[in-house]
Amino acid sequence: MAARIIDGKAVAATVRERVAREVASHEAEAGRAPALATVIVGDDPASEIYVRNKHRACAEVGMRSVHHGLPAETTENELLELVAELGLHDDVDGILVQLPLPERIDPDRVLAAIDPGKDVDGLTPANAGLLAHGTPGLVPCTPAGAMELLRHEGVELEGAEAVVVGRSKLVGVPVARLLLAADATVTVCHSRSRDLAAVCRRADVLVAAVGVPRLLGADAVKPGAVVIDVGMNRTDDGLCGDVDFDAAVEVAAAITPVPGGVGPMTIAMLLVNTLKAARSRV
Ligand code: NAP
């Protein structure tokens with residue numbers, strides 16, 4: 001029997017509706033709506049689209065947002081100054097520096113300069129440390145979105161075998177930490193892992209965050225597994241995930257499609273984080 005398709009768009013819409021209600025009550029209490037500040041250096045068209053979508057999503061839930069578009073020749077120090085200024089700004093609850101930055105600028109230095117309480121992408125060393133410590137602060141949006149999908153699907157994580165493919169700071173590692181915090185038994189695979197398919201086949205919950213189109217086929221999926229495909233790969237035949245969807249859908253119990261699975265959750269969780277950041281500053 002083909003797997004249940006996990007509808008990320010529908011779950012994201014539910015999250016946004018909840019955030020919109022909570023933004024209204026926060027505004028009534030605090031006297032102002034939460035505000036997100038975004039920063040782009042240069043004119044990367046993809047970054048412009050991502051950031052525009054984030055502003056639209058803020059407006060839809062009643063949040064304010066302000067954009068800082070800096071010229072491509074901005075220096076690292078100038079960017080650090082802006083990030084510090086936003087950190088001190090009373091009217092800004094969340095700061096998002098859109099990656100990638102121009103090569104001259106060290107993203108790690110810039111991320112480390114963001115006030116951890118306003119780090120709505122959850123990428124500062126402070127928030128990564130809190131997550132590693134088991135006392136999460138602001139959690140990276142895509143991993144948080146993957147967990148929200150599992151929660152929404154009612155997947156039992158306690159004692160479950162979870163395999164995460166990918167160990168990036170952005171997705172793989174935080175999702176592994178969140179699964180561990182939910183009492184799953186977690187294995188993390190990466191480019192040097194041996195016999196990837198055999199390890200993945202142990203998983204009750206398989207999370208793919210690799211960036212290689214259709215890397216994981218039916219032989220990597222345990223019958224009855226729940227598959228969360230974070231991959232977003234542009235190919236000649238359109239956008240696809242890291243899992244071979246057509247093959248895996250015949251084996252898994254539930255699976256996220258690409259597009260329409262994890263993708264829509266990322267912005268929804270950015271809204272959740274911005275609201276959380278605003279609440280913690282009242
Ligand atoms: P990344 O930083 O490039 O990390 C990729 C990870 O995959 C690395 O840990 C790498 O291992 C591992 N890997 C690469 N090739 C492998 C292979 N053949 N077998 C096993 N592991 C392999 O990527 P990322 O930022 O985590 O993103 C991963 C994917 O998620 C991408 O497709 C990206 O577009 C997508 N993504 C989607 C969203 C969303 O909103 N849906 C958000 C973020 C990312 P090593 O560490 O050994 O190099």
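**Exercise 1. Which helix holds A10?**

Step 1. This is a predicted model. Find A10 in it: the residue lies in helix α1, residues 8-30.

Step 2. Check its cover. A10 has a relative accessible area of 37%. Buried means under 20% and exposed means over 50%. A10 is therefore partly exposed.

Step 3. Look across the fold. A10 and L149 are 139 residues apart along the chain. Their C-alpha atoms are separated by 10 Å.

**Exercise 2. Describe the salt bridge between R4 and E153, and say which parts of the chain it ties together.**

Step 1. Start with the contact. The side chains of R4 and E153 meet at 2.8 Å, N to O. The cut-off for a salt bridge is 4 Å.

Step 2. R4 lies in strand β1 (residues 4-5), and E153 lies in the loop between α6 (141-152) and β5 (161-165), so the bridge ties together parts that are 149 residues apart in sequence.

Step 3. Read the accessibility. R4 is at 42% and counts as partly exposed. E153 is at 23% and also counts as partly exposed.

Step 4. A search of the whole structure finds 14 salt bridges.

**Exercise 3. Trace the salt-bridge network that contains D93.**

Step 1. List the members. The network links R32, R64, D90, D91, D93 and R281.

Step 2. Take the R32 and D91 pair. Their side chains form a salt bridge of 3.7 Å, N to O. R32 sits in the loop between α1 and β2 (35-41), and D91 in the loop between α3 (76-88) and β4 (94-97), so this pair ties together parts that are 59 residues apart in sequence.

Step 3. Compare with the accessibility cut-offs. R32 has a relative accessible area of 23%, so it is partly exposed. D91, at 35%, is partly exposed as well.

Step 4. Turn to D93. This residue is found in the loop between α3 and β4. Its relative accessible area is 2%, so D93 is buried.

Step 5. Follow the contacts of D93. Another, of 2.6 Å, joins its side chain to that of R281.

**Exercise 4. Work through the loop between β7 (205-208) and β8 (226-229), using V212 and R214.**

Step 1. V212 is partly exposed, at 36% relative accessible area.

Step 2. Find its surface partners. V210, V212 and L215 form a nonpolar patch on the surface. Together they have about 200 Å² of accessible area.

Step 3. Move to R214. Its side chain meets that of D237 in a salt bridge of 3.3 Å, N to O. The pair links distant parts of the chain: R214 is in the β7-β8 loop, and D237 is in the loop between β9 (233-235) and β10 (238-240). They are 23 residues apart.

Step 4. Classify the pair. R214 is at 38% and counts as partly exposed. D237 is at 59% and counts as exposed.

**Exercise 5. Is N273 buried or exposed?**

Step 1. N273 is in helix α10, residues 263-280.

Step 2. Apply the cut-off. N273 is at 6% relative accessibility, so it counts as buried.

Step 3. Relate N273 to S168. The two are 105 residues apart along the chain, with their C-alpha atoms separated by 20 Å.

Notes: Residues numbered from 1 in each chain as written. Predicted model: local features only at pLDDT ≥ 70, side-chain atom pairs only at ≥ 80, totals over all residues. Heavy atoms only, no water. Patch = residues over 30% accessible without salt bridge, like charges linked within 9 Å, V, L, I, M, F, W, Y side chains within 5 Å. Areas by Shrake-Rupley, 256 points an atom, 1.4 Å probe, with all protein chains shown as cover. Helix = DSSP H or I, 4+ residues; strand = E, 2+ residues; numbered from the N terminus. Buried < 20%, exposed > 50% of the residue type's maximum accessible area, 1.4 Å probe, protein only. Polar contact = N/O pair within 3.5 Å; in protein donor to acceptor, adjacent residues only side chain to side chain.
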